[in-house]
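Open the model in your viewer and keep the selection tool at hand. This tour goes stop by stop.

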Amino acid sequence: DNVVLILNTVKELTQPQIMTFVRNTLQVAEREVEKPVDTGYSALMSQFRDPAVRRGLALTMRVLKVVGEQAAPKPV
C-alpha cells in the first residue's frame, strides 16, 4: 500500500505546473536571500497593500490549516 501511495505522490509532484511553481519559487528565494529585509512593523504592514502578498498569505494560511488538522491530537 505504501509503495502505491509514494508513487502517486511522486506522480503528482512531477506535474508540469507543480515543477514550474517550485522552480520559480526557488529562483525568487535565491535572488531575494541576498537583499536586506526590513522587518519593521510599518514595512511589513505596507506589504499588505500588495494583492500578490495577500494572495500568497491566504494560500499559506490554507496550507497551514490542512497541516494543523492533520497534526491535531486524536481524541481518546
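Predicted model: local features only at pLDDT ≥ 70, side-chain atom pairs only at ≥ 80, totals over all residues.

**Stop 1: helix 1**

Select residues 2-13. This is helix 1, with 12 residues. Now colour by accessibility. How many of the 12 residues of helix 1 are buried? The number is zero, so helix 1 lies largely in the open.

**Stop 2: Gln15**

Move on to Gln15, in the loop between helix 1 and helix 2 (16-32). Show its side chain and the backbone of Lys11. The Gln15 side chain reaches the backbone oxygen of Lys11 at 3.2 Å. Gln15 is partly exposed, because its relative accessible area is 31% and that class runs between 20% and 50%.

**Stop 3: the salt bridges**

Side chains of opposite charge can pair when their charged atoms come close. The count here is two salt bridges.

Select Glu32 and Lys35 for one of them. Their side chains meet in a salt bridge, at 3.2 Å from N to O. Check how open each partner is. Lys35 has 46% relative accessibility and counts as partly exposed. Glu32, at 36%, also counts as partly exposed.

Next, select Lys65 and Glu69. They form a salt bridge too, with the closest N and O atoms 3.8 Å apart. Where do Glu69 and Lys65 lie? Both are in helix 4, four residues apart, which is about one turn of the helix. Glu69 is partly exposed, at 48%.

**Stop 4: the nonpolar patch**

Switch to a surface view. Select Tyr41, Leu44, Met45, Phe48, Leu57, Met61 and Leu64. Together they make a nonpolar surface patch of about 700 Å². Which elements give two or more residues to the nonpolar patch? They are helix 3 (41-47) and helix 4 (51-71). Helix 4 is also where you found the Glu69 and Lys65 pair.

Finish on Tyr41. This patch residue sits in helix 3. Its relative accessibility is 65%, so Tyr41 counts as exposed; the cut-off for that class is over 50%.

How values were computed. Residues numbered from 1 in each chain as written. Heavy atoms only, no water. Patch = residues over 30% accessible without salt bridge, like charges linked within 9 Å, V, L, I, M, F, W, Y side chains within 5 Å. Areas by Shrake-Rupley, 256 points an atom, 1.4 Å probe, with all protein chains shown as cover. Salt bridge = Lys/Arg side-chain N within 4 Å of Asp/Glu carboxyl O. Buried < 20%, exposed > 50% of the residue type's maximum accessible area, 1.4 Å probe, protein only. Expected span 1.5 Å × (residues − 1). Polar contact = N/O pair within 3.5 Å; in protein donor to acceptor, adjacent residues only side chain to side chain.
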